[in-house]
Amino acid sequence: MQDNPLIVALDVDDEVQAIDIIEELAGLVKLYKVGLNLYLSEGDQILNIIKSLDKEIFLDLKLFDIPNTVKDACCQLAKKEVSMITLHTLGGKEMLKAAVDGVRHAETDKPPLLLGVTVLTSFDESFINEQLSSNKSLEEIAVELAILSKKCSLDGIVCSAKEVKAIRKAIGDDLLIITPGIRPKGEDVFDQQRIATPKQALDAGANYIVIGRPIIKAKDKRQATEAIYQEIG
Ligand code: C5P
């Protein structure tokens, strides 16, 4: 994996827009996140294009199904030569172990890192309390899911920057922590709830920050990216 902590989310509809972004950010960004929208619209072709441009891929499909189905899906994804894949840790212990098994059984020289999504950064406390009827805090749940991820031998977790400190304390340095919901100072929050600046997230112990709209919707994407690098030093 790379030293550069920035992952840019290619949350666009098609390969033309994706390639435009990658070309505009040439020399600045190495790792790109491909999510459901772009993958469902372009399929493996977009992965091949990104690889041909000498970039790495975080394929963020957030799997969540019965253990056997997730095992088979992880085995398929592991053969795509991407650097990272994701699944929902709320799928539980059996599903997470099956996913690890799926990746291990794939015939590939370059297995991806398996990352567990804890609590989506678009959720706030009221989701946990009102919709899940739980008295626990969002942080407590995120920490529990991170511990479960470690027990199941995942390579890393995805969480809000707000929970990084507590999660690091609970799981130590073994797992990677990837944080979306990042907003450089003064930027539009959009639908994210538990946000932090790039520097706050990295200072708290995150290894990678995922940034989408503040870069891909910026008039000058290079300038927006350079400003982020300046902030994080
Ligand atoms: O545009 P923005 O910077 O909010 O994009 C964040 C990206 O990170 C999106 O692609 C979203 O799907 C993803 N993500 C997230 N929260 C998580 C996991 C992934 O926002 N917990």
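The model is predicted. The protein chain has 11 helices and 8 strands. Its radius of gyration is 17 Å, close to the 17 Å that the globule rule gives for 233 residues, so the chain is as compact as a globular protein of that length.

**Overall dimensions**

- Taken along the principal axes, the box filled by the C-alpha atoms of the protein chain is roughly 45 × 40 × 30 Å.
- Of the 233 residues of the chain, 53% count as buried.
- Two pairs of residues give a sense of distances within the chain: the C-alpha atoms of K150 and T108 are separated by 23 Å, and those of G172 and C75 by 28 Å.
- Along the chain, K150 and T108 are 42 residues apart, while G172 and C75 are 97 residues apart.
- K150 belongs to helix α7, which covers residues 138-151, and is partly exposed at 33% relative accessibility.
- G172 sits in the loop between α8 (161-171) and β7 (176-179), and is partly exposed at 26% relative accessibility.

**The largest pocket**

- Rolling a probe the size of a water molecule over the atoms shows where empty space is left.
- The largest pocket holds about 610 Å³ of space.
- Its lining is made up of 31 residues.
- The lining residues that lie nearest the centre of the pocket are D11, K33, D60, K62 and Q192.
- At least two lining residues come from each of the strands β2 (31-35), β3 (56-63) and β8 (208-211).
- The helices α2 (36-42) and α10 (213-216) also supply at least two lining residues each.
- Sorted by class, the lining has 16 nonpolar, 8 polar and 7 charged residues.

**Backbone angles**

- Most residues other than glycine have a negative phi, and most peptide bonds are trans.
- K62 has a positive phi of about 45° although it is not a glycine.
- K62 is placed in strand β3 and is partly exposed, with a relative accessible area of 30%.
- K62 is also one of the residues named as nearest the centre of the largest pocket.
- S153, which is not a glycine either, has a positive phi of about 70°.
- S153 lies in the loop between α7 and β6 (156-158) and is partly exposed, with a relative accessible area of 38%.

**Aromatic rings**

- A pair of aromatic rings is described by the distance of the centres and the angle of the planes.
- The structure holds 1 aromatic pair, formed by F123 and F127.
- The rings of F123 and F127 are 3.8 Å apart centre to centre, with 15° between the planes, and the pair is stacked.
- F123 is partly exposed at 24% relative accessibility, whereas F127 is buried at 15%.

**Cysteines**

- A disulfide is a covalent bond between the sulfur atoms of two cysteines.
- The structure holds 0 disulfides.
- For C74, the closest cysteine sulfur is that of C75, at 8.7 Å, so the two are too far apart for a bond.
- For C159, the closest cysteine sulfur is that of C152, at 17 Å, which is also too far for a bond.
- C74 is buried, with a relative accessible area of 1%, and C159 is buried at 1% relative accessibility.

Methods
Residues numbered from 1 in each chain as written. Predicted model: local features only at pLDDT ≥ 70, side-chain atom pairs only at ≥ 80, totals over all residues. Heavy atoms only, no water. 1 Å grid on protein atoms, 1.4 Å probe; cavity = no way out; pocket = protein on both sides within 12 Å on 5 of 7 lines; lining within 4 Å. Points joined across faces, edges and corners; volume = space filled by probe spheres on them. Helix = DSSP H or I, 4+ residues; strand = E, 2+ residues; numbered from the N terminus. Nonpolar A, V, L, I, M, F, W, Y, C, P; charged D, E, K, R; others polar. Phe/Tyr/Trp six-rings, centres within 6.5 Å; stacked < 30°, edge-to-face > 60°. Buried < 20%, exposed > 50% of the residue type's maximum accessible area, 1.4 Å probe, protein only. Disulfide = S-S within 2.5 Å. Rg over C-alpha atoms; globule rule 2.2 N^0.38 Å.
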